Amino acid sequence: MHLRRTPYSSYHMPPPGPKYFEARRQLWLMPRPDRDRKKARSPESSAYKKLVEILQMPDAVYSDSCWKRGVERAWKGLSKGERLKHRLPLGLAIKVLHASWVRDDTWPAGMRVPETDNEGQDEPISEPVILERIDITQLPSETPSIP
């Protein structure tokens with residue numbers, strides 16, 4: 001049986017529960033150096049810089065002015081499945097999507113996104129989970145990967 005190794009398979013993970021979720025989130029948010037080496041980044045265009053600047057404005061997703069100044073064009077490209085000329089960070093892509101939902105009434109009128117996704121947790125997690133790396137070259141090939 002051949003099992004696929006995941007980024008999580010080289011760490012000791014806590015048991016299922018809130019700490020497991022935080023550990024996976026911590027790994028997911030960790031930069032992966034192998035991804036940066038694949039393709040040299042092209043210089044950022046003025047349109048890309050303008051889009052980033054617009055999306056970083058407070059309440060940009062609700063602003064008709066921001067929508068008309070570049071967010072709409074980005075949305076049209078994304079919704080058609082066009083290839084991006086520059087990598088768009090996930091947070092900015094989400095803002096483009098959110099802005100489109102506001103425009104087509106998918107997003108409830110007047111609804112605001114909380115500043116943090118930790119709101120509503122029973123126990124706030126105050127410190128990161130300490131992950132211990134495993135030497136995966138020493139593991140038997142039958143070791144299951146963590147989903």
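Among contacts in the protein between residues at least 6 apart in sequence, what percentage join residues at least 24 apart? In this predicted model, the share is 73%.

**Overall layout**

The protein contains 5 helices and 2 strands, and when these elements are read along the sequence they follow the pattern β-α-α-α-α-α-β. The protein has 147 residues, of which 22% are buried.

**Helix H3 against helix H4**

Helix H3 covers residues 46-55 and helix H4 covers residues 64-79, and the axes of these two helices come within 10 Å and cross at roughly 120°. Because of that angle, H3 counts as oblique to H4. The crossing of H3 and H4 is left-handed. On the H3 side the contact is made by Ala 47, Lys 50, Leu 51, Ile 54 and Leu 55, which meet Cys 66, Arg 69, Gly 70, Val 71, Arg 73 and Ala 74 in H4. Sorted by class, the residues of this contact between H3 and H4 comprise 7 nonpolar, 1 polar and 3 charged.

**Helix H4 against helix H5**

H4 also packs with H5, at an angle of about 110° and with the two axes 9 Å apart, and H4 is therefore roughly perpendicular to H5. Here the residues from H4 are Asp 64, Trp 67, Val 71, Ala 74, Trp 75 and Leu 78, and they meet Val 96, Leu 97, Ala 99, Ser 100 and Arg 103 in H5. The contact of H4 with H5 is made up of 8 nonpolar, 1 polar and 2 charged residues.

Val 96 lies in helix H5, and since its relative accessible area is 0%, Val 96 is buried. Val 96 and Leu 51 are 45 residues apart along the chain, and their C-alpha atoms are separated by 9.7 Å.

Ser 100 is likewise placed in helix H5, which spans residues 90-103. Why does Ser 100 count as buried? The relative accessibility of Ser 100 is 3%, and the cut-off for a buried residue is under 20%. The side chain of Ser 100 reaches the backbone oxygen of Leu 97 at 2.6 Å.

Asp 59 is found in the loop between H3 and H4, and Asp 105 is placed in the loop between H5 and strand E2, which covers 132-133.

| Residue | Phi | Relative accessibility |
|---|---|---|
| Asp 59 | about 55° | 47%, partly exposed |
| Asp 105 | about 65° | 63%, exposed |

Asp 59 has its positive phi although it is not a glycine, and Asp 105 has a positive phi although it, too, is not a glycine.

Key:
Residues are numbered from 1 along each chain as its sequence is written. This is a predicted model: local features need pLDDT of at least 70, side-chain atom pairs count only at pLDDT 80 or more; totals for chains, interfaces and linings use all residues. Side-chain values use heavy atoms; hydrogens and water are left out. Helices (H or I, at least four residues) and strands (E, at least two) are DSSP runs, numbered from the N terminus. Buried means under 20% relative accessible area, exposed over 50%, partly exposed in between (1.4 Å probe, protein chains only). A polar contact is a pair of N or O atoms within 3.5 Å; within protein, one must be able to donate a hydrogen and the other to accept it, and residues adjacent in sequence count only if both atoms are side-chain atoms. Axes are lines fitted to C-alpha atoms, for helices over the stretch in contact, and angles run from 0 to 180 degrees between N-to-C directions. Angles under 35 degrees count as roughly parallel, over 145 as roughly antiparallel, 65 to 115 as roughly perpendicular and the rest as oblique. A crossing is left-handed if the near helix is turned anticlockwise from the far one by less than a right angle, and right-handed if clockwise. Contact means heavy atoms within 4.5 Å. Ala, Val, Leu, Ile, Met, Phe, Trp, Tyr, Cys and Pro count as nonpolar, Asp, Glu, Lys and Arg as charged, and the others, Gly among them, as polar.
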